[in-house]
Amino acid sequence: MNYLIGLLIFTLIIVILLQVSKISQVAAKIRGEEEVAMQRNNNTAFWMMVFMIVFLLGTVFSAYYYKDSMLGYGPWASSSEHGSEIDSMFNITLILTGIVFIITHILTFWYSYKYRQAKGNKPIFLAHDTKLELIWTAIPAVAMAFLVAKGLVVWNNVMTDLDPTENYVEIEATGYQFAWDVRYGGKDGRVGNKDFRLIDLASNSLGIDFTDTLSQDDILLGGSDKIVLPVDTMVRVAITSKDVLHNFYLPHFRVKMDAVPGLPTYFSFKPTKTTQQMRKELSKYPEWNEPYDPKDPEGPKRWEAFEYELACAELCGKGHYSMRRVIEIVDRDTYKAWIAEKQPFYLTNIRGTDLDPLKDKRLLPSEIKMRNTELNKLVYDAVNAVNDSASTATTIRFKNVYYETGSAGLESDSYFELDHMAGLLNKYSNVKVEVSGHTDNVGDSAANRELSRQRAQSVVNRLVQKGISADRMVVVGYGDSRPAETNDTEEGRATNRRTELRVISKS
Ligand SMILES: [Cu+2]
């Protein structure tokens, strides 16, 4: 029954509408077509104005409402120095095009409104107007020139290579299917040379040239390790590829550069926010307070799980997605501690092995540096332990003192360690030391004792040459009487053939 009544009402409404339209058609005939057309024009013009206002207000409002989803705003603000400049360029473009957008819309709709009743008015036909052409060419040209000039300034800021003497961290990213090999410059902060002819997949997959001193302290990151970088410090990334085109893309830092096989590229940028600071900022936005994993509503929030990332932005093959790496930005001290724990690849994996192109060379500059640092600490400890008779810290074994075979003459490779020791003895001018020679048990004991004494004397002579007074040093040859290790193995005997320095008193 209800259904029937509903159908009846609906049919009635349709009939009424049809009748009304019939009446208005009859009325139009009575009033004349012109008047009706005018009425229609008025209506259309009015509604066009309404549309314009609603549309423009809606555009501005939605831009404002969704600003936190736009690049450069809110959670998407740049985390690097030059990134803010790039974002500001996008902003200027947005503002300029926004102004043109609003003006053209107002004019379009306003003209339709204003000339709605222009009876008898005919449009002017302009085949050519130099003045107009000039105006609409010059204004965009000036605006474009401004944008291009500003863009060039930003581009040059980013792409001007750093002065090698400047203080920056250098890393190298080598893309391959499907991962990045990341190399840090190590202590000297600079990444050394590499050469594709040296590539050996098992031992040297990057083809690092170990004869380059800059390479010797370089650090290789494990395949899935986070790439850790210090905040507020320039970072130079050298970018290469081993197989196909990849792209080194750090979206949060507005860094994006092709990795091209055979053509090294680079990018410099300065991170301005640590991962922790970024997380804290994100925690202010409601959408970042949603659970990271929707299936686990109690789990960490999106902001807690936030990580900066490195992505490959070139579709490089079916494993492309696995080139993602996590980037962690930390404060400088944390970075220093992190990098200090990493072992140089060459010194730990290659040095002294058959793969070492420098295996005939006893001492490398980096090793000398490391030994000097070690000696500084050993001597400091020895001087402090001098009054503690139970301590063994007073005795320091020379590691890099070499004698000619069967004689007491020093080889020149011994000088760096002895000369550094002379410097330290100068610094601690209040201590007296004993320099002692030791041998293994091979050969005649008396001869061993004599040789060890002569060798200790050679060491003292070098120290005297370097300005240490001879009366601060006692020379002893212990021969084979004080073995440090067993004499039954070659290794033990090698350890026993040694020269030592012991701090005996401090005034
Ligand atoms: Cu790739």
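Author: A crossing of two helices is left-handed if the near helix is turned anticlockwise from the far one by less than a right angle, and right-handed if clockwise. Helices (H or I, at least four residues) and strands (E, at least two) are DSSP runs, numbered from the N terminus. The model is predicted: local features need pLDDT of at least 70 and side-chain atom pairs count only at pLDDT 80 or more, while totals for chains, interfaces and linings use all residues. Residue numbers start from 1 along each chain as its sequence is written.

Helix H9, residues 365-384, and helix H10, residues 415-427, pack with their axes 10 Å apart and at an angle of about 35 degrees. Axes here are lines fitted to C-alpha atoms, for helices over the stretch in contact, and angles run from 0 to 180 degrees between N-to-C directions. The crossing of H9 with H10 is right-handed. On the H9 side, the residues taking part are Ile368, Arg371, Asn372, Leu375, Asn376 and Val379. On the H10 side, they meet Phe416, Glu417, His420, Met421 and Leu424. Contact requires C-beta atoms, placed from the backbone, within 7 Å.

Four strands make up an open sheet with mixed pairing, in the order E11-E14-E12-E13. Strands E11 (395-397) and E13 (473-479) are the edges of this sheet; each has a single partner strand, so one side of each lacks a neighbour in the sheet. On average, and ignoring direction, neighbouring strands in this sheet are turned by 25 degrees against each other. Strand E12, residues 431-438, runs parallel to E13 and is joined to E13 by six bridges; strands pair if DSSP finds at least two bridges between them.

Six bridges connect strand E1, residues 168-176, with E2 in the antiparallel sense. E1 and E2 form a hairpin with two residues between them, and Tyr176 stands opposite Ala179 in E2. Strand E2, residues 179-184, is also antiparallel to E3, through two bridges, and Arg183 stands opposite Leu220 in E3.

Phe248, in strand E6 (residues 246-250), is buried, with 27 other C-beta atoms within 10 Å. A residue is buried with 20 or more such atoms within 10 Å, exposed with 12 or fewer, and partly exposed in between. Setting aside residues up to four places away in sequence, Phe248 touches Ala173, Val237, Ile239, Met257, Ala259 and Leu310. Val235 is 13 residues from Phe248 in sequence, and their C-alpha atoms are 14 Å apart in space. Val260, in the loop between strand E7 (255-259) and E8, is partly exposed, with 17 other C-beta atoms within 10 Å. Neighbours within four places in sequence aside, Val260 is in contact with Ser241, Leu245 and Thr265. The C-alpha atoms of Val260 and Val442 are separated by 61 Å, and these residues lie 182 residues apart along the chain.

Finally, the chain as a whole may be considered. The protein chain has 12 helices and 14 strands. Its C-alpha trace spans about 145 × 75 × 50 Å along the principal axes. Of its 507 residues, 21% count as buried. Among contacts between residues at least 6 apart in sequence, 65% join residues at least 24 apart.

Technical notes:
Contact = placed C-beta atoms within 7 Å.
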